[in-house]
Amino acid sequence: MPAGRCPEDLTPAIDAMCKVAKDVARLIALGGIESKLAEAVGDNFGGDQQKALDVIADDAFAEALQGTGVRWYASEEQDVVVEIDTDGTLGLAIDPLDGSSNIDCNVSIGTIWGISPAAESGEETFLVAGKNLRAAGYFIYGPQTALVVTFGDGVMEFILDPRDGLFKLVNERMMIREDSVEFAINASNYRHWPKPVRAYVDDCIAGTEGPRERNFNMRWVASLVAETHRIISRGGIFLYPGDDRKGYEQGRLRMIYECAPIAMLVEQAGGRATNGLDRILDRSVTELHARTPFVFGTADKVDRVAAYHDLPEQEVSALFGSRGLFRV
Ligand SMILES: O=P(O)(O)OC[C@H]1O[C@](O)(COP(=O)(O)O)[C@@H](O)[C@@H]1O
Ligand SMILES: [Mg+2]
Ligand SMILES: [Mg+2]
């Protein structure tokens with residue numbers, strides 16, 4: 001990363017992660033030729049199947065972060081917080097490989113991370129509100145490998161130049177556009193969603209004939225990183241609500257190493273990130289792998305989702321779908 005763009009005490013950790021991201025990108029490019037990266041190798045603490053690349057990426061980041069000032073390492077792929085460097089002053093939370101279900105089909109995947117001040121224990125470091133984060137970012141491994149990062153003063157985008165292996169600054173201040181008509185949600189779970197979420201999506205789908213009086217478009221990549229990159233690049237809204245499936249009461253996404261870092265990036269790009277109602281960065285969880293419902297994107301769209309939660313019961317039920325209160 002070019003000098004002066006990153007706080008000095010974070011530079012060794014960020015540089016180390018950039019080196020690993022380059023290796024991971026190369027490994028992904030060789031997937032299927034040299035190794036079977038999507039092969040199932042076990043289960044993680046959250047009950048998800050671990051793919052070979054999940055474990056390779058986790059090992060590589062944990063090793064590279066040694067001696068970079070990181071004391072506590074909280075990873076999706078580790079049962080508990082790991083102490084890397086007793087003298088370190090930082091805590092690093094990481095989803096080493098996001099979008100694992102896309103490894104075998106050549107679709108964008110990524111790495112999400114957030115850095116906070118280290119406290120005396122791993123729990124005290126990570127079981128606090130996300131507004132404590134000093135930096136957050138993701139690497140996206142797609143047609144281009146990119147780093148999108150914030151240190152609390154806007155969001156920068158760097159693209160990896162394969163000719164010299166350097167991350168080059170291409171966007172000094174990414175801002176979420178407000179005019180997008182795209183929403184992202186896994187619609188196969190429609191019947192499980194809470195009524196306000198169904199009502200919100202019903203109204204998008206109703207298009208010009210519904211209360212929104214405009215047509216919308218839908219995208220679902222199933223890689224949070226890819227979804228975030230699209231929304232930060234051109235606007236829209238993402239929803240992964242809690243639903244009535246067993247184990248999905250708080251949705252699917254994990255607060256500490258997925259939602260909080262993405263929420264910081266989204267806010268720094270002028271957007272909003274909530275659990276449907278409340279700001280993600282004001283909330284904390286009581287377990288390392290705890291999940292949270294997650295809604296983020298263009299501010300007015302995210303606010304609108306919260307407003308649907310405040311509508312009276314009859315306004316969000318299927319039989320009274322006119323959303324009269326929104327029309328007046
Ligand atoms: O398969 P679903 O339920 O649509 O969930 C997709 C979501 O799960 C995730 O893949 C979870 O992340 P991991 O791959 O790191 O477990 C997100 O990237 C994505 O948004
Ligand atoms: Mg993930
Ligand atoms: Mg993951």
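Student: Which residue of β5 is the bridge partner of tyrosine 73?

Tutor: Leucine 92 in β5 is the bridge partner of tyrosine 73. Bear in mind that this is a predicted model.

Student: What makes β3 and β5 a pair?

Tutor: The count of bridges. Two strands pair if there are at least two bridges between them. Five bridges join β3 (residues 70-75) to β5, and the two run parallel. Five meets the requirement of at least two, so they pair.

Student: How do you know which strand β5 (residues 90-98) pairs with in the antiparallel sense?

Tutor: β5 and β6 pair in the antiparallel sense over seven bridges. Leucine 92 stands opposite isoleucine 115 in β6. Leucine 92 is also the bridge partner of tyrosine 73.

Student: Why is β5 called mostly covered?

Tutor: Buried means under 20% relative accessible area. Nine of the nine residues of β5 are buried.

Student: What makes β7 (residues 135-141) count as largely enclosed?

Tutor: Seven of its seven residues are buried, so the rest of the structure largely encloses β7. Side chains in a regular strand alternate between the two faces of the sheet. In β7, Ala135, Gly137, Phe139 and Tyr141 point one way, while Ala136, Tyr138 and Ile140 point the other way. Both sets are buried.

Student: Which strands does β7 pair with, and in what sense?

Tutor: β6 (residues 109-117) is joined to β7 by seven bridges, antiparallel. Isoleucine 112 stands opposite tyrosine 138 in β7. β8 (residues 145-150) pairs with β7 over six bridges, again in the antiparallel sense. There, the bridge partner of isoleucine 140 is alanine 146. A hairpin through three residues joins β7 to β8.

Student: Why is phenylalanine 61 called buried?

Tutor: Its relative accessible area is 0%. The cut-off is under 20%, so phenylalanine 61 is buried. This residue is found in helix α2 (residues 52-64). Setting aside residues up to four places away in sequence, it touches Met17, Val20, Ala21, Tyr73, Ile94, Pro96, Thr111 and Tyr141.

Student: And arginine 163: buried or exposed?

Tutor: Exposed. Arginine 163 has a relative accessible area of 76%. Exposed means over 50%, so 76% qualifies. Arginine 163 sits in the loop between β9 (155-161) and β10 (166-171). The C-alpha atom of aspartate 300 is 41 Å from that of arginine 163.

Student: What makes β12 and β14 edge strands?

Tutor: Take the sheet as a whole. It is open, has five strands and mixed pairing, and its order is β12-β11-β13-β15-β14. β12 (217-218) and β14 (272-274) each pair on one side only. Elsewhere in this sheet, β13 (residues 237-240) and β15 (residues 294-297) pair in the antiparallel sense over four bridges. Leucine 239 has valine 295 in β15 as its bridge partner.

Student: Which helices pack on this sheet?

Tutor: Helix α5 (residues 224-234) lies across β11 (182-184), β13 and β15, at about 30° to β15. Helix α6 (residues 255-268) touches β14 and β15, and its direction makes about 25° with that of β15.

Student: Why is α5 called largely enclosed?

Tutor: Nine of its eleven residues are buried, so the rest of the structure largely encloses α5. Among the buried ones are Leu224, Glu227, His229 and Arg230. Glycine 235 follows α5, with a positive phi near 90°.

Student: What makes the approach of glutamate 76 to ligand 1 a polar contact?

Tutor: A polar side-chain atom of glutamate 76 lies 3.0 Å from an oxygen atom of ligand 1. The limit is within 3.5 Å, so the pair counts. Glutamate 258 also brings a polar side-chain atom to a ligand oxygen, at 3.1 Å. Serine 100 uses a backbone N or O atom, 2.9 Å from an oxygen atom of ligand 1.

Student: Which residues come nearest to ligand 1?

Tutor: Asp98, Asn186, Leu224, Tyr240 and Arg252, out of the 17 residues around ligand 1.

Methods: Residues are numbered from 1 along each chain as its sequence is written. Chains are lettered from A and ligands numbered from 1 in the order in which they are written. This is a predicted model: local features need pLDDT of at least 70, side-chain atom pairs count only at pLDDT 80 or more; totals for chains, interfaces and linings use all residues. Side-chain values use heavy atoms; hydrogens and water are left out. Contact means heavy atoms within 4.5 Å. Axes are lines fitted to C-alpha atoms, for helices over the stretch in contact, and angles run from 0 to 180 degrees between N-to-C directions. A residue is near a molecule or strand if one of its heavy atoms lies within 4 Å of it. A polar contact is a pair of N or O atoms within 3.5 Å; within protein, one must be able to donate a hydrogen and the other to accept it, and residues adjacent in sequence count only if both atoms are side-chain atoms. Buried means under 20% relative accessible area, exposed over 50%, partly exposed in between (1.4 Å probe, protein chains only).
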